[in-house]
Amino acid sequence: MASGKSSRSSRASAGLVSKGSAGAAQDADSQLEDKLKGFRTDRFDPDGYLQSKCQTMNEKEIRHVCSYLLDLKKASAEELRISVYSNYASFIRTSKEISDLEGELLSIRNLLSTQAALIHGLAEGVHVDSLSTGPEGSAAHDSSDVEDREPTDIENWAAELPDILDVLLAERRVDEALAALDEGEHVAAEAKEKNTLSPAALMSLQTAIAEHRQKLADQLAEAACQPSTRGVELRAAVSALKRLGDGPRAHTLLLNAHYQRFQYNMQSLRPSSTSYGGAYTAALSQLVFSAIAQAASDSLAVFGDEPAYASELVMWSTKQTEAFALLVKRHALASSAAAGGLRAAAECVQIALGHCSLLEARGLALCPVLLRLFRPSVEQALNANLKRIEESTAALAAADDWVLTYPPASTRTSSRSSNAPGMTFQPKLSSSAHRFNSMVQDFFEDVGPLLSMQLGGHTLEGLFQVFNSYVNLLIKALPSSVEDDGDFEGSGNNKLVSMAETEAQQIALLANASLLADELLPRAAMKLSPLQLATGKDDSRRKASDRQNRQPEQREWKRRLQRSVDGLRDSFCRQHALDLIFTEDGDTNLSAEMYISMDGSVYEPEWFPSPIFQELFTKLNRMASIAADMFVGRERFATVLLMRLTETVILWLSDDQSFWDDIEEGPRPLGPLGLQQFYLDMEFTMLFSAQGRYLSRNLQQVIKDIISRALAAFATTGMDPYSVLPEDDWFVEISQEAINKLSGKGRSINGDRDLNSPTASVSALSISSARSHGSS
């Protein structure tokens with residue numbers, strides 16, 4: 001259609017492509033139609049088809065197919081349920097209109113019958129009058145014949161029927177009155193067909209039947225509306241009214257009777273501001289859903305499963321459920337939701353759902369109605385709870401000393417409940433992180449009904465936002481964040497936070513975030529799983545299937561937590577890298593001048609790594625010692641932290657264009673001594689990174705590229721860079737000597753170390769590959 005709005009001549013090719021795509025779609029539909037033909041025949045054998053497909057499958061593949069088919073079955077059932085409920089209101093409204101129309105047609109039919117009898121009677125009367133215009137003798141003779149003739153039994157019974165019906169109605173003998181009315185209808189029909197009654201007598205009989213039928217219907221309706229009419233009496237009155245031909249009115253009276261009864265019972269239920277919301281919800285739901293259950297039983301007993309009456313029952317039950325939900329929200333959920341009382345709100349919802357679910361055995365699935373109406377209140381309580389966690393944690397972060405300790409004794413009991421039986425794991429966190437963890441653990445104790453309300457994803461998203469807000473506070477606790485306050489102005493997180501001055505305090509920030517993201521929060525989030533009792537093999541398989549279905553969502557959520565922690569780690573590394581590279585006055589500690597000026601000096605250099613790389617090695621060793629105490633059992637995180645810090649420094653060197661402008665295009669070229677010192681610094685960095693086990697492939701490749709760039713810059717002077725560089729073993733020996741000296745280790749007998757050691761071999765190989773990379 002988009003191509004039709006523009007110039008056809010300029011988009012002729014697009015039209016051809018669209019036609020080709022449409023043709024391809026039609027071919028695909030026809031192929032799918034051909035594939036489905038085999039399933040639509042009466043001769044389709046599901047067992048044979050399954051055996052033909054599963055002969056080449058192993059057990060694991062068959063289990064996977066079974067799991068996939070179960071998922072398709074669940075999805076199909078859910079789609080059917082959604083489709084039914086999306087059109088159910090229209091179906092019920094149409095059924096109600098059809099039922100009302102049937103009642104009106106019945107009334108019209110009765111009215112037409114009465115009018116036809118009246119017209120027939122009038123016509124007979126005119127015919128009799130015309131007969132009287134004959135000879136006087138004949139008329140007198142006919143009149144004498146009528147006066148002398150004795151009334152027949154039918155005429156006598158028709159004349160006595162009104163009195164009989166009056167007596168039966170007065171004595172409320174409903175069954176006998178119904179039988180008499182039925183017999184009167186039969187006699188009137190037979191008399192009309194066989195002319196056994198005079199027109200006047202027939203009209204009188206029909207009028208009497210219609211009047212007494214209406215009297216009986218009014219009497220039954222009045223009895224059904226009486227509060228004292230219950231149980232068997234109510235069903236009998238409604239059933240009799242249905243026999244009279246007024247089924248829609250009878251069913252409406254039945255439902256109204258149950259409504260009036262539980263409305264009367266609710267008068268004794270008076271909620272107060274001091275009453276417990278769960279108790280009020282339990283009492284109210286007991287009244288409402290018991291009334292709905294009894295109404296459903298009576299409707300089924302009297303009217304069966306006729307669609308029109310079943311639809312009216314569903315509409316009535318839905319209306320009462322909605323009214324019940326509004327009462328619960330007003331008197332129980334509103335206050336707890338506004339105050340963030342998730343536990344109280346969840347308990348009210350659970351109680352209501354428990355009573356409502358009992359109606360499913362009667363064919364009334366009203367739980368979706370409750371879930372739809374309760375969801376906003378529970379969301380409000382959920383959001384208020386998350387907001388309280390965020391604000392409480394932020395208040396403690398303003399006074400946190402960023403010292404890791406075990407949890408206080410008051411919170412160990414609650415945290416112990418979050419762990420598996422027999423585990424005594426107690427995390428070491430700072431005060432604000434302990435508060436965050438304890439509140440999250442308590443929070444997940446209250447989220448039982450959230451999964452059934454399809455709020456599991458909303459809960460995880462909300463918790464991630466709260467955790468991300470806490471991580472932003474940790475970033476603000478870094479000294480470098482004072483200069484970057486502008487980055488937080490748009491984040492809505494401008495709260496005060498205690499600064500982490502020392503390296504130990506700053507690493508504690510990372511320990512807080514990493515332990516929460518890697519272990520504590522994912523463990524707490526597992527409580528969002530459905531609670532099922534493993535009573536057999538089928539239950540175990542169902543629980544395993546539920547866990548498998550939750551794994552992708554849980555894994556993605558955990559990855560988001562870890563990415564948030566990565567942001568804190570990157571800020572930490574950026575700060576310490578800048579502290580190394582720049583002085584307090586803003587001058588750089590890593591400039592091209594420190595290498596270029598070496599060849600102009602008259603003094604023989606003392607070969608040792610440059611001061612900035614010495615400081616980098618010392619800082620990394622110091623941080624490694626601190627991290628060893630803080631990341632017990634999580635050494636991988638400490639290793640990655642040191643790796644990222646080293647990469648940050650080296651990447652800054654690689655990307656500093658002013659440094660390379662001076663090296664490659666400066667007024668003074670890089671000389672042999674400067675090249676040798678630069679080469680030594682890079683070898684020293686690779687060696688201590690390899691020994692510390694945080695030499696990443698990325699870091700190794702960046703160092704190789706830096707060396708190659710320096711060699712290329714030196715080669716522009718016309719000299720061969722490798723002719724002025726010592727052998728690789730010389731760089732390894734000097735670097736190892738510097739490592740031993742800076743770390744306080746003594747010198748070994750064979751110089752600094754065994755040059756045939758695996759580390760030396762790896763490092764020498766790294767330098768050799770860098771040389772070959774540069775020469776190529």
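The model is predicted, so local features are taken only at pLDDT of at least 70 and side-chain atom pairs only at pLDDT 80 or more, while totals for chains, interfaces and linings use all residues. Residues are numbered from 1 along each chain as its sequence is written, and side-chain values rest on heavy atoms, with hydrogens and water left out.

His251 is found in helix α10 (residues 247–266); helices here are DSSP runs of H or I with at least four residues, strands are runs of E with at least two, and both are numbered from the N terminus. With a relative accessibility of 0%, His251 counts as buried (buried is under 20% relative accessible area, exposed over 50%, partly exposed in between, using a 1.4 Å probe and protein chains only). Setting aside neighbours within four places in sequence, His251 is in contact with Ser299, Phe303, Tyr309, Glu312 and Leu313, contact meaning heavy atoms within 4.5 Å.

Next up is helix α11 (residues 277–303), with 27 residues. At 1.5 Å a residue it should span 39 Å, and its end C-alpha atoms are 38 Å apart, which agrees; the expected span is 1.5 Å times one less than the number of residues.

On the aromatic side, the structure holds 19 pairs. Rings of Phe, Tyr and Trp (its six-membered ring) pair if their centres lie within 6.5 Å, with planes under 30 degrees apart called stacked, over 60 edge-to-face and the rest tilted. Tyr595 and Phe659 are edge-to-face, because their ring centres are 6.3 Å apart and their planes sit at 90 degrees. This pair links distant parts of the chain, with Tyr595 in helix α20 (residues 593–596) and Phe659 in helix α23 (residues 657–665), 64 residues apart.

Trp607 and Trp730 make another edge-to-face pair, at 5.7 Å centre to centre and 85 degrees between the planes. Here Trp607 comes from the loop between α20 and α21 (611–630) and Trp730 from helix α27 (residues 728–743), 123 residues apart. Trp607 is buried at 18% relative accessible area, whereas Trp730 is partly exposed at 23%.

Finally, two lysines sit over rings. The charged end of Lys741 is over the ring of Phe608, 5.2 Å from its centre, and Lys428 lies over the face of Tyr406, 5.6 Å from the ring centre. The criterion is NZ of Lys or CZ of Arg within 6 Å of the ring centre and within 35 degrees of the ring normal.
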